[in-house]
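Please read it alongside the sequence and the coordinates.

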Amino acid sequence: MGSLLTLTEANLLNAPINIAILGDAKRLIRRIHILKSSWGYTTGQDLSDDLMITELDSEPSENEHKLWPPDYWKLVLSFFYMQVSFFLVSLAVIVANQLTPDKNTHPPLPDVVLDNIPRIPWGLKLTEITCMLFAGVWILIVIFHKYRWIILRRYCAILGSIFLLRCVTLCFTSLPPPSKELPCSELFDGGPWEYLRRARHVWSGMGMSLSGVETCGDLMFSGHTVTLTILTLFINEYAPTRHNALHTVTWSLMMFGVFFILASHSHYTIDVIIALLVAFRTFFSYHAMANNAILLGVKGHPRDRRVYMWFPIFSILESNIHNKVPNVVDPYITRLLWKQANVLRKFYKEGEYKVLDYLGYELD
């Protein structure tokens with residue numbers, strides 16, 4: 001085992017191994033790096049002395065539990081944080097809809113893309129169907145991923161933080177609707193309870209037009225684009241890299257979804273561009289910090305107080321994650337599914353025999 005973990009790409013390509021295909025060598029090195037992480041060693045750490053002394057006698061499950069502890073209470077905290085953000089942004093949507101300029105007296109702003117694309121009324125609904133499809137794929141990845149609790153709380157934290165920022169951008173600047181044909185909910189005269197009731201309707205319907213939510217003041221920035229982009233990024237980050245078709249299809253559908261958001265004239269182009277920038281920047285910044293031991297203050301490094309100041313939810317959720325989370329399938333789930341498949345196969349086989357016997361066929 002010690003000799004395996006000390007192998008480098010040069011060792012694989014040269015004698016005595018002499019792997020002829022460079023791609024095979026790189027894939028093997030990637031697997032070795034994942035194995036190193038599961039045993040608690042970083043990529044740049046010298047393994048030779050430690051492996052000669054310890055010979056890796058400890059159980060891998062214990063090391064994995066220390067490197068990537070599930071911490072279920074953190075998942076509960078991140079989920080609560082996301083739901084609070086969703087409700088606040090729903091309330092911000094109602095406030096922004098009340099402040100929206102009258103589309104009969106305020107024409108849409110000039111937009112190079114929208115001015116040259118005919119409006120497709122069902123475009124936004126098609127994007128929402130794509131989001132639900134991506135959500136189903138993401139749920140399957142979470143179910144089969146060995147470290148599902150960590151990646152799920154990261155999803156909640158990132159999405160909650162972005163929508164918390166969206167609360168601010170919605171309330172301060174009111175733009176006229178991008179299209180006069182865009183359906184908008186009527187203005188109302190009511191107190192705080194009416195605002196809360198309407199916000200609850202938006203929150204329970206997840207802000208989707210498929211659930212009957214019709215607002216036209218929540219423009220800067222696009223929540224549909226953020227949701228679609230974040231789901232795409234998480235699917236491609238935590239799905240197996242060998243599934244190239246899945247990555248290609250998700251990126252292609254994401255681009256089509258963004259196009260149909262613009263084609264439905266539900267958002268200005270700048271709304272979509274800002275949403276893409278915020279989603280990509282937040283996702284990659286979070287994961288870059290999560291994989292940086294110096295920022296997290298682990299392995300003898302001092303803590304960076306700026307991270308705790310500007311991103312406190314990150315500091316809480318990632319405080320004891322010492323390595324990059326590997327994409328590993330949970331063996332318990334695979335064994336359980338394989339066992340159930342064998343049971344079903346036996347059940348259908350016995351049922352087939354009974355049917356053949358009833359029809360008068362001779363059974364071997």
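In the lining of the largest pocket, helix α7 contributes the most, with nine residues. The model is a predicted one, and the pocket in question has a volume of about 1200 Å³. Its lining comprises 48 residues, of which M206, G207, M208, H224 and T227 are the closest to the centre. Two or more residues are given to this lining by each of α6 (72–99), α7 (123–144), α8 (148–172), α9 (192–204) and α10. Sorted by class, the lining of the largest pocket holds 29 nonpolar, 13 polar and six charged residues.

M206, one of the residues closest to the pocket centre, lies in the loop between α9 and α10. Although M206 is not a glycine, its phi is positive, at about 55 degrees. F221 is also placed in the loop between α9 and α10. The peptide bond that joins M220 and F221 is cis, with omega at about 0 degrees.

**Helix packing**

Two packed helices are described by the angle between their axes and the distance between the axes.

| Helix pair | Angle between axes | Axis distance |
|---|---|---|
| α10 and α11 | about 175 degrees | 10 Å |
| α8 and α12 | roughly 135 degrees | within 10 Å |
| α6 and α9 | about 120 degrees | 8 Å |

Helix α10 spans residues 223–238 and helix α11 spans residues 244–263; their axes pack at an angle of about 175 degrees. The two helices are therefore roughly antiparallel, since an angle over 145 degrees counts as such. On the α10 side the contact is formed by H224, T225, L228, T229, T232, L233, I235 and N236, and on the α11 side by L246, H247, T250, W251, M254, G257, V258 and I261. This contact of α10 with α11 divides into eight nonpolar and eight polar residues, with no charged residue.

Helix α12 covers residues 269–290, and its axis crosses that of α8 at roughly 135 degrees. That angle makes α8 oblique to α12. The crossing of α8 and α12 is right-handed. From α8, the contact draws on R154, A157, I158, I162 and L165, while α12 supplies V278, A279, T282, F283, Y286, H287 and A290. By class, nine residues of the contact of α8 with α12 are nonpolar, two are polar and one is charged.

For α6 and α9, the axes are 8 Å apart and the angle is about 120 degrees. This arrangement makes α6 oblique to α9. The crossing in which α6 passes α9 is right-handed. Here α6 makes contact through Q83, F86, F87, S90, L91, I94, V95 and Q98, and α9 through Y195, L196, R198, A199, R200, V202 and W203. The contact of α6 with α9 has 10 nonpolar, three polar and two charged residues.

Definitions and conventions: Residues numbered from 1 in each chain as written. Predicted model: local features only at pLDDT ≥ 70, side-chain atom pairs only at ≥ 80, totals over all residues. Heavy atoms only, no water. Axes fitted to C-alpha atoms, helices over the stretch in contact; angles between N-to-C directions. Helix = DSSP H or I, 4+ residues; strand = E, 2+ residues; numbered from the N terminus. Parallel < 35°, antiparallel > 145°, perpendicular 65-115°, else oblique. Contact = heavy atoms within 4.5 Å. Nonpolar A, V, L, I, M, F, W, Y, C, P; charged D, E, K, R; others polar. 1 Å grid on protein atoms, 1.4 Å probe; cavity = no way out; pocket = protein on both sides within 12 Å on 5 of 7 lines; lining within 4 Å. Points joined across faces, edges and corners; volume = space filled by probe spheres on them. Left-handed = near helix turned anticlockwise from the far one by under 90°.
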